[in-house]
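Okay, thanks everyone for coming.

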Amino acid sequence: MAEGTHYIDKNEEVIKIRGLYKSFGDKHVLRGVDLDLFKGENLAVLGRSGTGKSVLIKIIIGLLQPDAGSVIVLGEDVNQLSYPALRALRLKVGFSFQSSALYDSMTVGENLAFPLRRNNRSMTKSQISKTVNTVLEAIGLPETINQLPAELSGGQKKRIGIGRTLILRPEIMLYDEPTSGLDPITSTELNNLIVNVRERFNTSSIVITHDLTCAKAVADRVAVMEEGKFLKIGTFDEVFSTQEGLIKSFYDYNFTQ
Amino acid sequence: MSSTNGKSDKPIINGKIDRFFLNFYNIFDFIRRLVREAVRPPIEWGEFIRQCYQVGYKSLALVTVTGFITGVVFTEQSRPTLSEFGVTAWLPSLVAIAVVRALAPLIAALICAGKVGSSIGAELASMKVTEQIDAMEVSAINPFRYLVVTRVIAMTVCLPILMFYNALIGCMGSYFDVHAHEQTSLVAFFDNAFAQITFLDYTTALTKSIVYGFTIGVVSCYQGFNATQGTLGVGKAANISVVVSMFLIFIEEVIIVHIFNSIR
C-alpha cells in the first residue's frame, strides 16, 4: 500500500452493510454480506468472477435492489430513499465502471462536463471548462480533451471514467475492476491514480478486483469474497498469511505463477 | 432505477402468458413514468431541440421524395378511371382528400418508424448494454428524462409537421402530373384540391400523426431502454421497434378512422 498523508477515522463508517442478500432467479449471488468502510479508507474486495463483487457495489449505489439487508451510505439507508433523494446521495458517491461506460457520442471534455452541467445548472461555461481541465490534469490526460472515446486506449478510457466521477467531488469512490484487461505497466499507473485520488480528493473507496497486485497497492484492508460471502477481512498481510485453501490458491495464482 | 428483482421463481399461469402480462404492465408503467416526468420541470430544451433536428430535419429528404412520388403515382393511377367517366377535373380534389385523410399520415409515420424508430431503439439499446445509461444514473442524472422524454416528445411534435409537409409535397407531385396532362395552373389546382377538404379532415390527420408519433417514440424508447443480451439485444431492439411500431400504426389507423367517420 502506497504511503500517503491520509487519515482513516475508524469511528466513522461511511458505508455500513448488514445481512445483505441478493438472488437472480435461482442463483443466490449474495448470502448475508456484512461490511464496514471507514472514512478515509481504501478497501479492496477480492474474489473470483461471478462471486457477487460487482453486484455488491451496484447495490451500494442503488442500481440494484437487495432482497434483504440494509445498506447505509453516509448515514442514509439506500433502499429506503426516494428517487430524488437517491440522486442527491449519488452526487457524493462516484462509480467507476469496469467498461468505463464513456458516452461514445461525446468528446472527453464533454464526457466530463456532462455530469457537472446537469447537476450544477448555475455554473458558467468558463467555470465548467476550468473544472474539466483541473480534473484532466489530475488524471494526467489533459491532451485528450477533444478526443472521442473510440480514439482512446483501454487505460486512458479507465482514467477518463474515473475523472468523470471525480468531477462531482464525491466522498466515496467505487471502482469496478479498475485494472482488468490492462497491461502491468498501465495497471501500475492506474493503481497509483487510485492512491492519488484518495490523497487529493479525500475519498474513501471500495475497489472491486481479482488482481492481488492492485489490492496490495491500493488497499488498507482487503475482503475476500466467495459464493456471496466474505471469507476473511483484514490487512493484506493478515488475510494472505493464512493457509486456507481458497485464499492460498488465490495468492499462489497471482504471485507464485 | 434499473432494478432487477430475482424473486419470481415459479410462473403464475404459464411462462409465456406471464411474460405477456408482465410486458403489458411494464409498458403501462413506462408510459405512466413518461407522463409524470414530462410534466415535471425543468424541460430539457437542448436535448429536445437536438432530437427534433434528428427526427424532423434529417427525415425531410426521405419524406420529400416519398411524398412527391406518392402524389405522382396516385394521380397517374387514378386518371384512367376518372377519364372513363369524363371527370379528370376531379383529380386535384381526389388526390388531396386521399393524401390528407390517409396517405400522408401513414407514409410519414411508416418512414419515421423505419428511419427514426430503429435509430432510437438501437441508440438507446447500445447505451444500455454498454452501461452508459447506468453511468448517467450514478452521476445523479435522470436518464429517463434526458433520453426518453425528449425523444418521445420530439417524435410527437415533429411527426405532424412532417405529415403536413408530406401532404403538401404529395399535392405538388400531383400538380406536376396534372399540369403536364391537363395544363392546369397552380392556383386552379390548389383551389380545386382544397375545396373538398374539411376541418375534420385536418383534425383527423393531425390526430393520427400525433398518435403515431407518440407510438413510435414510446415503442422504440421502451425497446432500447430495456435492451438486454449485449450486441444481440441492440439489433433486436432496433428490429422490434420498427415491427411493433408499424403494426400498432395500422391498428391505430383503423380505430381512428372509425372514430372520425362516426363523427362525420
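**Where the two chains meet**

So, let's begin with the contact: chain B puts in 25 residues and chain A puts in 32. Keep in mind that what you're looking at is a predicted model.

Now the polar side of things. Between chain B and chain A we count nine residue pairs in polar contact, with both residues at pLDDT 80 or more. Which elements of chain B give two or more residues to the side that touches chain A? Those are helix 5, residues 132-138, and helix 6, residues 143-182. Helix 5 of chain B gives the most, with six residues. And if you sort that side of chain B by class, you get nine nonpolar, nine polar and seven charged residues.

**Salt bridges**

How many salt bridges does the rule find across the interface of chain B and chain A? Three. One to look for on the screen is R118(A) with E44(B), where the side chains meet at 2.2 Å, N to O.

Over all chains, by the way, the count comes to 21 salt bridges. Another pair to look at is R90(A) and E137(B), with the closest N and O atoms 2.7 Å apart. R90(A) sits in helix 2 of chain A, residues 83-90, and E137(B) is in helix 5 of chain B, so this pair joins two chains.

**The annotated spans in chain B**

Last stop, chain B again. The UniProt record, an unreviewed entry, has the annotation "transmembrane region" on residues 55-74, 94-113, 152-176 and 240-260 of chain B. What does the model show for two of those? Residues 94-113 of chain B are 100% helix and 0% strand, with the end C-alpha atoms 27 Å apart. Residues 240-260 of chain B are also 100% helix and 0% strand, and there the end C-alpha atoms lie 30 Å apart.

Okay, that's my tour. Over to you.

Terms used:
Residues numbered from 1 in each chain as written. Chains lettered and ligands numbered in written order. Predicted model: local features only at pLDDT ≥ 70, side-chain atom pairs only at ≥ 80, totals over all residues. Heavy atoms only, no water. Contact = heavy atoms within 4.5 Å. Salt bridge = Lys/Arg side-chain N within 4 Å of Asp/Glu carboxyl O. Polar contact = N/O pair within 3.5 Å; in protein donor to acceptor, adjacent residues only side chain to side chain. Helix = DSSP H or I, 4+ residues; strand = E, 2+ residues; numbered from the N terminus. Nonpolar A, V, L, I, M, F, W, Y, C, P; charged D, E, K, R; others polar. UniProt positions renumbered as here; feature names shortened; annotations may be inferred.
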